[in-house]
Amino acid sequence: MVGHPQLTAQVRNGETFVRVMFPVWSLLGGQPFTEPLAAQPANAKAGDFSSGQVRLKIPRMDPIPVHLEELGNALYDGGGIAEHRWYLDLRNGELIPVSEYADLPEEYEDIGEQPEVFLYIEPRSSREGFQVMEDYVDTLPEGEARRALARALRLPKPFRSFKDTLFDFPEQREAWFAFQNQHQREAAIQFLEANKVPWVEATWPKEP
């Protein structure tokens, strides 16, 4: 017989301990129990109604190495209409593309059903991608490049037109890549923090 539990948490030496207090038949003798409840002794006996305690030790998640540029690219892949769905492997920081046109290794077959291991990367909308291009144009001084790129954003296919127009302005094209890279890095950090993922920045080249 189990009543409504009361939970308290403590952090000790970098690990979180959750104490669950609930009224039970004296299955645990009212003593602290340091293993999951399912592992209780097989010879435990029911007795008088009393207060039992269970302490569950939750291992701390170590930071995973993340390539912010790769994660940023995944967030903006295809402007929100990408052919791939991206997942972040919370065990090692790897990015995993999932496509209906490609077979996945066996370990990833149920990737969408394991959110505790594979974190889905919700792509940013095409409107957000468009806003980044507008913000970049706003940083340019008055002149031919600014006018041409602003005009490209008003055409029927603004993403393609913007990229094509940049070829006419090599200096602004390089500046655009730096601007876009910085924005995507910031978006990647926001994504990790919003999902409470402990991370460290991975360095290039990637280790095999």
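Student: In this predicted model, which residues does L88 touch, leaving aside those up to four places away in sequence?

Tutor: L88 touches I64, G93, E94, L95, V117, F118, L119, I121 and L192, where contact means heavy atoms within 4.5 Å.

Student: What makes L88 a member of a nonpolar core?

Tutor: A nonpolar core is a set of buried residues of listed types, Leu among them, joined through side-chain atoms within 4.5 Å; L88 belongs to the largest such core, which has 28 residues, and is one of the five, with L71, I121, F162 and L192, that touch the most other members. At least two residues of this core come from each of strand 4, helix 1, strand 7, helix 2, helix 4 and helix 5. A second, separate core of 7 residues includes V98, Y108, I111 and F118.

Student: Why is D89 called buried?

Tutor: Buried means under 20% relative accessible area, and D89, at 0% relative accessibility, therefore counts as buried. D89 lies in strand 5, and its contacts beyond four places in sequence are I64, E94, I96, Y108, V117 and F118.

Student: What makes strand 6 and strand 7 edge strands?

Tutor: The open sheet has 3 strands in the order 6-5-7 with antiparallel pairing, and strand 6 and strand 7 each pair on one side only. Neighbouring strands of this sheet are turned by 30° against each other on average, direction ignored.

Definitions and conventions
Residues numbered from 1 in each chain as written. Predicted model: local features only at pLDDT ≥ 70, side-chain atom pairs only at ≥ 80, totals over all residues. Heavy atoms only, no water. Helix = DSSP H or I, 4+ residues; strand = E, 2+ residues; numbered from the N terminus. Buried < 20%, exposed > 50% of the residue type's maximum accessible area, 1.4 Å probe, protein only. Pairing = 2+ DSSP bridges. Axes fitted to C-alpha atoms, helices over the stretch in contact; angles between N-to-C directions.
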